[in-house]
Structure formats: structure tokens, C-alpha cells
Amino acid sequence: MTETIRWGILATGKIAHAFARDLALLPDAELTAVGARRPESAAAFVADLAPELTGQERPPTAHGSYAALVDDPGVDVVYVASPHGLHHEHVRLALEAGKPVLCEKALTLNTAQAEDLVALAREKQLFLMEAMWMACHPLVRDLARRVRAGEFGAPRQLVADLGWVVDRPETDRLLAPELGGGALLDMGVYPLTLADLLLGEPDALDGVAALSPAGVDLNLVMAARYPSGAVAALTATMTAHSPRTAWLATDRGRLDIPAPFHHPELVRWVEYDAAAGAFREPVQLDPPEPLVGTGLGNEAAEVMRCLRAGELESPLVPHAQTLRIMRQMDALREQIGVTYPGDRPANG
């Protein structure tokens with residue numbers, strides 16, 4: 001791997017712009033190429049990013065197809081930023097071209113597709129990681145480590161919520177079944193992942209939801225129980241201005257994660273003083289390392305660390321975690337009655 005790692009971005013939506021801007025903050029990264037379905041879309045993306053890329057010797061190449069992007073010899077790793085329903089196709093395209101991949105969450109529509117991609121990456125000895133940036137966030141990483149080490153006592157209750165009003169046409173990726181629409185894959189994956197990081201794998205998980213006329217989940221509540229006896233209440237919505245906060249109550253106090261909990265600016269520990277019968281003053285937890293941009297930069301830095309170390313998966317977002325959460329989402333979708341055209345077998 002070259003000293004400067006050269007990135008290609010596949011698709012040019014909102015998250016691709018945010019990722020590219022954080023990537024520009026990393027001195028050992030370079031955005032070499034961008035691929036879109038139409039040449040003018042790729043060119044517009046490059047032009048829009050020009051102010052952030054003034055430190056590069058040359059602007060990124062604008063490719064008018066995804067195939068041209070993954071075949072570009074100047075690209076070391078591909079970031080897949082297309083909608084969920086296209087991830088399986090696009091990640092396979094990149095892996096078949098011999099490129100390591102960072103793919104937006106959710107990795108795929110279902111477990112079968114995710115297992116197919118993991119198997120292909122392992123067969124080709126290529127790095128693959130789901131872009132669960134929350135798990136790479138310095139505050140979240142440190143919080144999860146300290147909770148698992150028992151520093152705050154025994155976890156008993158987790159409450160986490162993510163949502164906002166989605167006022168878009170039914171053809172939008174967030175609402176279209178063929179693109180993996182619905183609150184679960186786009187928003188609910190974050191509370192589920194936070195619960196996984198803090199509490200482990202549940203031994204019971206149930207969900208209820210309100211569905212759109214097209215059959216995607218608009219409002220979702222998930223209840224989980226863990227082998228330790230801890231429980232979690234996890235919510236996601238596309239129809240309301242929810243708090244987007246999280247808290248974890250333990251037998252010693254409470255950890256508060258203000259909005260937005262999936263990329264927080266701070267975490268507070270509020271310990272209960274049993275002798276005084278009151279909570280002590282909140283203590284703010286310090287991150288172990290700086291936040292890069294919005295946190296997407298930390299995710300990119302972890303990918304580059306893995307590539308330089310020759311690792312095929314990240315310990316922060318291992319394949320087992322991605323598949324575990326995907327199985328949970330499959331089970332929840334079965335309970336709430338949400339199906340996607342992509343639910344047929346991965347290679348079917």
C-alpha cells in the first residue's frame with residue numbers, strides 16, 4: 001500500500017459529499033476518483049469539492065460509470081455510497097475488480113447478501129468494512145470499552161432513539177422498498193449497533209412498527225433483553241422530530257449521550273451517591289483522540305490503518321458484528337412485515 005492511500009468514491013449523494021469533505025482533512029489520504037451513473041454527475045461532484053481539495057496536486061478523475069471507477073488503477077480503496085438496495089451489486093463490482101471496500105451501512109438489504117460479500121472478500125483476500133462510523137467515533141469507542149470493562153457498574157437499561165421527519169417523494173431511497181427504504185436500515189441500525197457495542201448480543205428481540213402504503217417501516221420500536229439481565233428500548237422514526245439521544249443506566253448511575261447520539265459531541269457520567277440519596281455533579285468523558293471532521297474522517301483513518309497493516313477486517317467494525325446486526329434486522333423485518341425485492345437469494 002502506498003504511503004498516501006488513494007480513494008475512489010462510488011455514487012455522489014449527500015453522504016458521499018460528507019465523507020469526501022472529512023477525507024480531505026486526512027493528510028495521508030487522497031480522493032483520486034469519483035464514479036457516477038452519468039459523467040455530468042461525477043464532474044459536478046468534483047467541481048463542488050474543489051475548495052476542499054486545494055491541497056491535492058490534481059483533481060479527482062470523474063468517471064461516468066461505476067465500472068470505470070473500480071477499474072481505475074489509481075484507486076487503492078473504494079467507498080460505496082449508493083443506496084442500500086444497490087450495495088450488494090456495487091460492492092461485488094469493486095471486489096471483483098480487486099479493490100478493498102468501505103461500504104455505507106447497512107452493508108446490504110439482508111443477511112444472505114452480506115454473507116455473500118464477506119465470503120467473496122475473504123476468497124479474494126480483500127479488506128471489507130461496513131461504514132458504521134459510530135463505532136469508529138472516539139467517544140463511542142472509549143465509552144464501549146469502559147462499559148464492557150465495568151467502570152460504570154453493571155448496565156441495566158439502555159434507551160436509544162434516532163429519527164427525523166422524512167418529507168420526500170415515495171420514490172426517494174428512504175421510502176422505496178426496492179432501495180431498502182424504511183426507518184430500520186437507515187436509522188434503527190444505529191440504536192441496534194449501540195446496544196451491541198454496550199450490551200452484546202440479545203437473547204430476545206422484538207419489534208413493532210407502523211408501515212407506509214408501500215410497505216416500508218415509518219415508525220419502529222424495538223425491545224431487547226440480554227443474557228446479563230439488561231434490557232433496551234430502541235426507537236427509530238421517519239415521521240417525527242425525535243430526541244436522537246441515548247442513555248445507559250447502571251447500578252451505579254447513568255451515562256447520558258446527548259443528540260446526536262450516533263456521533264456525539266460529548267458523553268456525561270452521572271453517578272448516584274447512595275449515602276446522600278442524590279446524583280452527583282455530571283462528569284464529562286474526554287475522548288482518547290481528536291474527532292476528524294464529523295467523525296467520518298475517523299472511519300476513513302481506521303480503514304487506512306487496516307490497509308497498511310494488511311488486515312482484512314477492522315476490529316472496530318468486524319464482519320461478525322455486521323452479520324450479527326444484519327440477522328437482527330432480518331428478524332425484525334419478519335416480525336413487522338417488511339420485505340424487499342432484494343430478499344431473494346443473493347445470487348438468485
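How many bridges join strand E1 (residues 5-10) to strand E2 (residues 29-35)? The number is 6, and the two strands run parallel. Helices and strands here are DSSP runs, helices being H or I with at least four residues and strands E with at least two, numbered from the N terminus.

This is a predicted model, in which local features need pLDDT of at least 70, side-chain atom pairs count only at pLDDT 80 or more, and totals for chains, interfaces and linings use all residues. Residues are numbered from 1 along each chain as its sequence is written, and side-chain values use heavy atoms, with hydrogens and water left out.

**The sheet**

E1 and E2 belong to an open sheet of 6 strands, in the order E3-E2-E1-E4-E5-E6, with parallel pairing. Two strands pair if DSSP finds at least two bridges between them. Strand E3 (61-63) and strand E6 (128-131) stand at the edges. Each has a single partner strand, so one side of each is left without a neighbour in the sheet. From one strand to the next, the twist averages 25°.

Individual bridges can be named. Trp7 has Leu31 of E2 as its bridge partner. Ile9 has Val34 of E2. E2 is mostly covered, with 6 of its 7 residues buried. Buried means under 20% relative accessible area, exposed over 50%, and partly exposed in between, with a 1.4 Å probe and protein chains only.

**Helix H1 and its cover**

Helix H1 spans residues 14-23, and its buried residues are Ala16, His17, Phe19, Ala20, Asp22 and Leu23. The cover over them includes E1, E2, helix H2 (39-49), strand E4 (77-80), strand E5 (101-104) and helix H8 (296-309). Contact means heavy atoms within 4.5 Å.

**Two helix pairs**

Axes are lines fitted to C-alpha atoms, for helices over the stretch in contact, and angles run from 0 to 180 degrees between N-to-C directions.

| Helix pair | Axes come within | Crossing angle |
|---|---|---|
| H5 (residues 111-123) and H9 (residues 319-336) | 9 Å | roughly 165° |
| H1 and H8 | 8 Å | roughly 70° |

H1 is therefore roughly perpendicular to H8. Angles under 35 degrees count as roughly parallel, over 145 as roughly antiparallel, 65 to 115 as roughly perpendicular and the rest as oblique. Ile15, Ala18, Phe19, Asp22 and Leu23 of H1 meet Leu296, Gly297, Glu299 and Ala300 of H8. By class, this contact has 6 nonpolar, 1 polar and 2 charged residues. Ala, Val, Leu, Ile, Met, Phe, Trp, Tyr, Cys and Pro count as nonpolar, Asp, Glu, Lys and Arg as charged, and the others, Gly among them, as polar.

H5, at its crossing angle of roughly 165° with H9, is roughly antiparallel to H9. Their contact is made by Thr111, Ala114, Glu115, Val118 and Arg122 of H5 and His319, Leu323, Met326, Arg327 and Asp330 of H9. These residues divide into 4 nonpolar, 2 polar and 4 charged.

**Helix H6 and Pro155**

Helix H6 (residues 138-148) has 8 of its 11 residues buried, so it is largely enclosed by the rest of the structure. They are Pro138, Leu139, Val140, Asp142, Leu143, Ala144, Arg146 and Val147. Their cover includes E7, helix H7 (183-199), strand E11 (246-250), strand E12 (253-257) and H8. Just after H6, Gly150 takes a positive phi of about 80°.

Pro155 lies in strand E7 (residues 155-163). Pro155 is buried, with a relative accessible area of 18%. Beyond its neighbours within four places in sequence, Pro155 is in contact with Val147, Leu199, Ala230, Leu248, Ala249 and Thr250.
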